[in-house]
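Thanks for coming. I will go through one model today, starting with the chain as a whole and then moving to a few local features.

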Amino acid sequence: MNFNPKRKASNITLLISAFIIVSLILWNTNSFFKKFKEEERLKMEIWATAQSELIQSSVDQELGNLTLKVMGNNTSTPMILMNEEGSYKTHNIPQERISDSSYIRKKIQQFRNENEPIEIIQDGELLETLYYGNSEVLNKLKYYPLALLLIIFLFGAVIFFFFRTNKASEQNKLWAGMAKETAHQIGTPLTSLLGWNELLKSESINPDITLEIAKDIDRLQTITERFSKIGSIPELDVHDIVEETKKAYEYLKKRSSKLIHFSFSSNVDELYVLLNPPLYNWSIENLVKNGIDAMKGKGNIAIQIDKKGQNVNILVSDTGHGIPKSDFQNIFSPGVTSKKRGWGLGLSLVKRIVEEYHKGKIKVLSSSKEGTIMQITLRVK
C-alpha cells in the first residue's frame, strides 16, 4: 500500500530541515561557550599574575593601580587559593561556608573537574595553587541550549496545533457543505422517483417490480438522511445495537456477490446503546465494503458483537490482503486510500461517526496476510 507518499516526503524534508537548524544552533552555542570559557581562563591567569605580584611585593612596597584593579574586579568567579602548607583563601564563596573544611574540599574537587588549576610559581618554587569554578554567567550559558530547544519545541507545537486546528476546521466545513449539497441534489430526483413508482403501481405491472423499486427508493431516502445528518450534530436515541447491526448485515448480504460468505454472531440477544441508526449502519456498511474490496470480491466477512462490562465491541473481519502495521493510524485520515479510484473518505467518515458523534472508539484490532479485524467500541446505555 502506498499512503500519500508526497505528504510523507514533505514531512521527512521538514524534519531533516528542523534537525539541521537545531544542530547549527547547538553547534554555535557550544562554540560560544568554549570561547567564553577560554576568555574566563585568560582572566583567571591575569588574576593569578596579579596575585603573584602581591606575594612578591614587600610590606612597605606600594602596588600599582592595575594590580589592585585586577584583584578587586573579579566578583563573579568562585576561587580557592591554597598554599603548600594547606592554608587557603577564598573569593566569591559564601561567607558562612568558608570555615567548613569538608565543603572546601568538595569545592576544590568540583573546580578541578571544571577547570585546570593555575599554579603560582616564583623562582621555580610553587607558592600557591588557584582553583576556580565556572562563573554564574558561564553556568547559565550551559543550560542555554536546553532552554533554546524547549522554546523551539513549544513554538513548533503551537504552530503545529494552530495549523492542525485550522485545517480540521476547514475540513469540517467542507464535510458539512458537501454533505448538505449531496442531500439536496439527491432529494430532487428522489421525489420524482416516488411519483413515477406510484404511477407504475396503477399500471398492470408485476407488483414485485414496484416493490423492489420502493425498496431502492427507501434506500435512497436513507442515504439522503445520512448526508443531511453529517452536516450537523445528529440526535442519539436508545436503540438495540444487535438489531441495528443485523439490519446492515442483512442488507449487504442480499446485495453482495455469492462468492462472499457472511456470518453474524453475538454473545447477547439484545443490547441498548445511544445510537443514530442511519449513521451507525453507514459505518458498518463502509467497513464491510472495505473488507470486500480487500478480498477482491471473494472471501469471508464476519460481524461479531461482544459485550464486555459497560462497553460493547462490534468486530468486522475479512480475509483480505491486510494492512501494514505502520498504516494502522493513517488509514483513518481523509484522502488516504489504497484504491486506484478511491477518494479515501470511507474510514475517515466512519471514524467521525463513531468517535465524534457516538463518543466511541474505532481501531484496527489486528491485520495480517490472512485478513483484518476492525473494532468499534461503544458505551452500553
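Accessible areas here come from the Shrake-Rupley method with a 1.4 Å probe, and for residues only the protein chains shown count as cover. On that basis the protein chain exposes about 24200 Å², and carbon and sulfur atoms supply 57% of it. This is a predicted model: local features need pLDDT of at least 70, side-chain atom pairs count only at pLDDT 80 or more, and totals for chains, interfaces and linings use all residues. Residues are numbered from 1 along each chain as its sequence is written, and side-chain values use heavy atoms, with hydrogens and water left out.

The protein chain has nine helices and eleven strands; these are DSSP runs, H or I of at least four residues for helices and E of at least two for strands, numbered from the N terminus. Of the 381 residues, 35% are buried, where buried means under 20% relative accessible area, exposed over 50%, and partly exposed in between.

The largest nonpolar core has 35 residues; a core is a set of buried Ala, Val, Leu, Ile, Met, Phe, Trp, Tyr and Cys residues joined through side-chain atoms within 4.5 Å. The residues with the most contacts inside that core are I241, V288, V312, I314 and L378. A second, separate core of nine residues includes M44, W47, M79 and Y132.

Next, a hairpin. Strands β10 (residues 361-368) and β11 (residues 371-379) pair in the antiparallel sense over seven bridges; pairing requires that DSSP finds at least two bridges between two strands. Two residues sit between β10 and β11 in this hairpin, and K361 stands opposite T377 in β11.

Then the backbone. Most residues other than glycine have a negative phi. N92 is partly exposed, at 34% relative accessible area. K296, in the loop between α8 (277-294) and β8 (299-308), has a positive phi of about 55 degrees and is not a glycine either. K296 counts as exposed because its relative accessibility is 74%.

Last, F19. This residue lies in helix α1 (residues 5-56) and is exposed, with a relative accessible area of 59%.

Notes
Buried means under 20% relative accessible area, exposed over 50%, partly exposed in between (1.4 Å probe, protein chains only).
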